[in-house]
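Hi everyone, thanks for coming. Let me put the structure up, and then we'll walk through it together.

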Amino acid sequence: MKRSVLTRYRVMAYVTAVMLLVLCVSMVFKYGFDTGADVTFVVSQVHGLLYIIYLIFAFDLGAKAKWPVGKLLWVLLSGTIPLVAFFVERRITREVEPLVNELNALLAHTERQAEEARTHAGNLAHALKTP
């Protein structure tokens, strides 16, 4: 898994959480003080669009990390509960980051081995052609 999968999940988790807080504040103004209906409408539309993007990135991360369905649902729903997305993002990052580092190290090692094998094969081929 590439680090970018985790990074885009983290960015969208923060953006979604902040937009949900902004939406909650605008709803307090709309229903509590009878003002800001237009702002609430715009914020709700933006939050909805960003939440859809968050769902896609969180599902992508969950599929690549092979999470069980319950955990995936918890992560997906955390974007709908104010403040929870901040805590879930932190927990997921602590859990997934070591896996990403280990996998990237393994991929780098495999690439080095493949390069050594290509070099060795080229040397062998050259030795066979040389009298």
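Predicted model: local features only at pLDDT ≥ 70, side-chain atom pairs only at ≥ 80, totals over all residues.

Residues are numbered from 1 along each chain as its sequence is written, and side-chain values use heavy atoms, with hydrogens and water left out.

Now the fold. We have four helices and zero strands, counting DSSP runs of H or I with at least four residues as helices and of E with at least two as strands, numbered from the N terminus.

How about the overall dimensions? The C-alpha atoms fill a box of roughly 90 × 25 × 20 Å along the principal axes. The radius of gyration is 23 Å, while a compact globule of 131 residues would come near 14 Å; this is taken over C-alpha atoms, and the globule rule is 2.2 Å times the number of residues to the power 0.38.

Finally, two loop residues. Most residues other than glycine have a negative phi. Asp 34, though, has a positive phi of about 55 degrees, and sits in the loop between helix 1 (3-32) and helix 2 (37-65). Asp 34 counts as exposed because its relative accessibility is 73%; exposed means over 50%, buried under 20%, and partly exposed in between (1.4 Å probe, protein chains only). Leu 83 has a positive phi of about 75 degrees, in the loop between helix 3 (69-77) and helix 4 (84-129).
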